[in-house]
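Open the model in your viewer and keep the selection panel at hand. Each stop below says what to select and what is there.

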Amino acid sequence: MIAELGHFCLVLALFVAITQAVVPMVGAHRGDAAWMGLARPASAVLFTLITLAFLALMHAFVVSDFSVMNVFQNSHTDKPLLYKISGVWGNHEGSLLLWILILSGFGLAVGLVGGNLPPSLRARTLSIQALIITGFLLFILFTSNPFARIPDGSLPLNGRGLNPLLQDPGLAFHPPMLYAGYVGFSMAFSFAIAALIEGRVDAAWARWVRPWTLVAWIFLTFGIALGSWWAYYELGWGGWWFWDPVENASFIPWLSGTALLHSAIVVEKRDGLKAWTILLAIITFSLSLLGTFLVRSGVITSVHAFASDPTRGLFILGLLLVTVGGSFTLFAIRAPILKGGGLFAPISREGGLLINNLLMATASATVLLGTLYPLIADSLDLGKVTVGAPFFNSVFVPLMVPTMLLMAIGPLLAWKRADLKGALSRLWVALGVSIGVFAVTFLVTGGGMARLGAAFGMGLAAWLFTGTLVELGGRVRLFRAPFAESARRLINLPRSTWGMTLAHLGVAVVAVGAVGNIAWKQEIVQSMKPGESREIAGHTFTFDGAKEIQGPNYRAIQGTMRLSRNGEDVATLFPEKRTYDSPPMPTTEAAIHTNGVSDYYAVVGDPTEDGGYVTRFYYEPVVPFLWYGALMMGLGGLASLADRRHRVGAPRLRHPKAAAKATPAPAE
Amino acid sequence: MDTTETQDGPTPESSDGLPHTHVPQANRRWFYFLPLVVLAVLAVLFTVGLSNDPRILPSELINRPLPEFSLEALPNRGRPLTSEDVKGDVTLINIFGSWCVACLQEHPVLRAIAQEGFVKIHGVDWREKDPRNGLAWLRKHGDPYDRIGLDPDSKLAIDLGVTGAPETFVVDAGGVVRYKHIGPITPQAWAEKLKPLITDLRKGTP
Amino acid sequence: MIRRLLVPLALTCTLFWGVLASPAGAVLPDEQLNDPALEARAREISAGLRCVVCQSENIDGSNAELARDMRIRVRELLVEGKTNDEVLQYMVDRYGDYVLMTPPFKASTYLLWFGPVLILILGGIGVRSYYRGRTKSEAASGGGRGLSPEERRRLDALLVDDDTMNSDGNGDSKA
């Protein structure tokens with residue numbers, strides 16, 4: 001009964017979405033305030049209906065209603081409650097419903113906080129958002145009904161269970177994060193389309209659209225990092241990035257979203273790059289849609305692909321073509337009138353941001369090309385090829401080198417026309433530190449051509465890190481003003497400046513983690529009997545034996561490993577090899593000891609014939625830096641989001657203090 | 001600091017001191033259609049891509065002689081299988097295993113082909129943990145094979161470029177591989193593809 | 001989005017393809033060669049070969065049994081004295097270019113290998129023509145239509161609190 005109510009809510013939502021897509025748009029065209037005004041209440045109703053549908057599905061999972069096909073196929077009574085709930089989005093239909101829920105959530109948010117938007121822009125934006133929701137509701141209702149009952153009305157005793165690898169706290173929250181990122185870019189898209197229809201893009205538009213893009217980018221950053229972290233500890237061999245098609249599907253929009261964040265700054269501050277920014281907003285969301293298409297249609301083989309279904313593939317392809325084709329057509333017709341804006345020399349802050357866009361867009365297009373190439377080659381009858389990690393590494397790294405080099409310089413350039421020599425002369429400290437780090441890394445790791453790459457990578461990261469600090473130091477007049485003065489300035493820096501600094505430092509930190517881990521990772525695999533020990537990276541793992549244990553829905557072999565250094569115990573680790581009951585599948589639960597800089601990673605495997613166990617030990621140097629860096633980037637995004645100018649944009653959030661600050665301050 | 005420019009905000013055009021003439025952009029307008037063109041190309045590729053199955057891998061062996069091999073027989077069942085046994089007439093070599101779910105699905109079709117007596121089917125029992133499992137499986141579900149060879153550690157499978165079971169190779173009288181069928185043979189695939197192919201191959205050989 | 005599911009892959013294979021891979025874990029102790037140099041080469045080669053059952057992962061990290069058999073074959077070939085290239089070619093002869101994680105550089109992959117450079121050059125040309133076009137014709141009208149006084153006022157109210165960036169000369173110049 002509740003499942004049917006959920007289904008009914010979705011059908012009702014479809015009609016509300018169609019209404020919201022049509023009426024405010026027509027109203028904006030006619031200048032009819034009442035028709036435009038419909039958008040806000042409609043977005044609230046839409047969100048409520050989809051939330052009810054989502055709760056109905058969640059209810060079916062929580063009470064294990066196996067007469068619902070989706071629950072039967074993806075749940076089991078023995079599962080812990082958390083995984084019953086996360087099972088809702090651990091499958092195609094449920095995750096699609098989550099997609100729509102987040103879409104409507106963003107629509108609602110614009111309706112709520114968009115009070116200061118011009119009514120026609122708000123009406124059109126919400127109308128476009130509703131149009132996207134309409135497309136996805138049609139998709140879910142016609143091809144992927146999550147509430148479908150088992151056809152013959154039978155009631156199975158139990159479900160088939162959720163894939164054990166998904167029964168992990170990291171992965172319970174990874175998909176919603178990632179979706180919030182993907183879907184969040186729909187807001188930038190809707191704003192872009194609305195602006196094209198209005199025929200006007202200005203600084204105010206950029207300021208309105210930027211927080212939404214930031215929110216999406218933050219979610220996507222955390223989502224990708226969470227997925228990487230999960231892969232690292234769950235898959236049992238210490239890898240954290242694989243260039244798998246589905247990883248790429250999230251990384252491609254991240255790269256283009258990063259470009260969008262930067263080009264929107266030029267629109268906001270200098271009224272330039274308008275058409276390009278609009279195009280980026282369209283492309284970024286299109287790439288999110290493309291990712292969905294790739295994962296769900298089966299055109300690309302990926303280990304993660306949801307069961308491929310040609311009907312769904314065709315439907316998504318149609319949805320993709322209508323959405324993207326329609327918006328590109330609108331762009332082709334309307335964008336030429338957007339031209340104009342502030343002039344700037346190639347060497348200027350704007351010029352730097354433009355180069356950033358060139359590199360980010362190229363990186364995004366490159367990853368896209370590599371991901372799609374097997375499909376392209378197959379479609380053109382060029383044969384079956386594999387485009388694996390070595391390809392991506394060999395093309396992506398050369399793009400990141402100039403990116404990081406320029407990232408240190410760009411923020412030092414003035415708007416409009418900059419003095420490159422002056423900027424470079426401020427970076428001599430960074431150059432010195434960078435060369436020092438290069439030399440030390442090269443010598444400490446033993447020299448040789450093989451170490452050159454790692455040393456170069458570390459030097460580059462040091463360049464970016466120091467260069468970013470130099471820029472911050474310049475802002476607060478470090479060493480040129482009394483220290484107290486510098487400290488005061490530091491505190492009073494706009495939060496968007498903090499955001500940029502944190503995010504750029506984060507990139508450097510991620511680079512340290514990536515380069516160092518690839519270069520210095522060690523691994524040993526062996527069969528061990530209890531009492532034996534092995535050395536890795538100056539530490540000793542002693543195997544104290546293994547025993548069978550019983551979990552709520554699995555059995556496991558649990559090993560006991562003592563990690564020691566110079567005879568002193570550092571930690572005791574308990575890796576497990578689990579075998580789940582339903583579906584009957586094994587998983588590896590690695591045990592990791594981290595000292596904050598490096599990880600020691602232990603895995604236990606099957607018993608061997610000679611009475612021992614297969615064990616694997618990994619020394620994972622600087623891997624935590626990946627997570628620190630990603631965290632810094634995400635926090636940087638949050639800091640930027642908290643910037644005063646975004647808050648001032650929304651009157652309902654304005655309080656006296658902020659209002660007082662909003663008066664023009666005298667030039668400092 | 002290093003700049004004295006005062007321009008800021010969204011309407012800089014008037015402050016640049018340049019005339020307000022609108023230069024036609026017609027010569028660069030095509031640029032705005034570029035995204036649409038890229039999309040159109042991708043759309044065609046995707047539509048073709050949807051009808052291709054990315055998991056089907058064409059065989060490198062087609063029109064090349066079968067590699068030489070000599071496999072041990074399934075214990076307590078007939079003779080072993082070598083590359084010489086395949087020559088003389090068109091034959092099928094079927095990769096199977098008692099662990100393979102899809103093979104069971106294919107099995108009735110193979111039995112029907114064997115009963116028809118149209119072509120010999122040799123089996124390669126691939127990655128059988130214990131040969132007794134293979135024998136028990138054949139006892140239970142019927143045995144359509146002429147000879148069966150054991151391939152416990154994929155020696156032949158790798159030489160044949162096998163990616164999964166079941167797979168079936170059509171080998172002509174001269175021992176040259178002519179076709180590879182991936183996945184279970186369906187009655188339709190047998191009637192429309194394999195049987196006519198075997199007939200043609202027989203006509204072609206002296 | 002479901003992330004890298006190595007083990008379910010085995011399950012998928014079972015359901016759709018019929019290759020049962022009772023997960024064994026990637027490289028196992030009994031596979032390893034005693035000669036560390038040879039073993040290191042085997043690891044390197046295995047990392048460049050695709051697990052044809054699983055798709056999208058190399059045989060070095062794969063749990064599939066066929067991947068294990070391929071790893072063992074790689075080691076046998078090395079012990080026989082084959083070079084790395086010969087071992088790779090051996091697998092290409094049997095499985096095609098598909099088995100290589102890095103696509104070979106040839107006519108059918110020129111688009112792939114030159115693509116990134118081509119994109120960068122095209123982008124560079126785009127940026128260049130942007131600057132050129134602007135110096136010729138820019139400072140033309142800024143938008144589709146101008147701002148009404150009311151809009152102008154709203155906009156100014158929004159922009160007036162622009163962050164003061166004293167190092168870039170932007171924020172000091174408020175009218």
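Which helix of chain C has the lowest mean pLDDT, and which the highest? The lowest is helix α1 (residues 6–17) of chain C, with a mean of 32. The highest is helix α4 (residues 84–95) of chain C, with 94. Here pLDDT is the predictor's confidence in each residue, from 0 to 100. Helices (H or I, at least four residues) and strands (E, at least two) are DSSP runs, numbered from the N terminus.

This is a predicted model, in which local features need pLDDT of at least 70, side-chain atom pairs count only at pLDDT 80 or more, and totals for chains, interfaces and linings use all residues. Residues are numbered from 1 along each chain as its sequence is written, while chains are lettered from A and ligands numbered from 1 in the order in which they are written.

**Stop 1: confidence**

Colour by pLDDT. The model scores ipTM 0.85 and pTM 0.87. Chain C averages 70, and 61% of its residues score at least 70. Select residues 1–24 of chain C: pLDDT stays under 50 there. Residues 160–175 of chain C also stay under 50. Where pLDDT is low, the predicted coordinates should not be read in detail.

Now take chain A. Its mean pLDDT is 86, and 93% of its residues reach 70 or more. Confidence in chain A is lowest in helix α22 (residues 656–661), at a mean of 40. It is highest in helix α20 (residues 624–641) of chain A, at 94. Over residues 649–668 of chain A the pLDDT is below 50.

**Stop 2: domains of chain A**

Colour chain A by domain; the bounds come from an automatic or database domain assignment. Domain 1 is 1–162, domain 2 is 168–400, domain 3 is 401–520 + 626–661 and domain 4 is 524–624. Select domains 1 and 2 of chain A. Their C-alpha centres lie 24 Å apart. In this pair, 24 residues of domain 1 of chain A are in contact with 24 residues of domain 2 of chain A (contact: C-beta atoms, placed from the backbone, within 7 Å).

Which element gives the largest share of the domain 1 side? Helix α7 of chain A does, with 10 residues. By class, that side has 14 nonpolar, nine polar and one charged residues. Ala, Val, Leu, Ile, Met, Phe, Trp, Tyr, Cys and Pro count as nonpolar, Asp, Glu, Lys and Arg as charged, and the others, Gly among them, as polar.

**Stop 3: where chains A and B meet**

Select helix α13 (residues 349–379) of chain A and helix α1 (residues 34–51) of chain B. Their axes come within 9 Å and cross at roughly 80°. Axes are lines fitted to C-alpha atoms, for helices over the stretch in contact, and angles run from 0 to 180 degrees between N-to-C directions. The two helices are therefore roughly perpendicular (65 to 115 degrees). Show side chains: A:Leu375, A:Ile376, A:Asp378 and A:Ser379 meet B:Leu45, B:Val48 and B:Gly49.

**Stop 4: the sheet of chain B**

Select domain 2 of chain B, residues 70–204. Then find the open sheet of seven strands in chain B, in the order β2-β1-β5-β4-β3-β6-β7, with mixed pairing. Two strands pair if DSSP finds at least two bridges between them. The edge strands are β2 (81–82) and β7 (177–182) of chain B. Strand β1 (residues 70–73) of chain B runs antiparallel to β2(B), joined by two bridges. Zoom in on B:Leu71: its bridge partner in β2(B) is B:Leu81. Finish with helix α5 (residues 187–204) of chain B, which lies across β6 (167–171) and β7 of chain B.

Key: Contact = placed C-beta atoms within 7 Å. Parallel < 35°, antiparallel > 145°, perpendicular 65-115°, else oblique.
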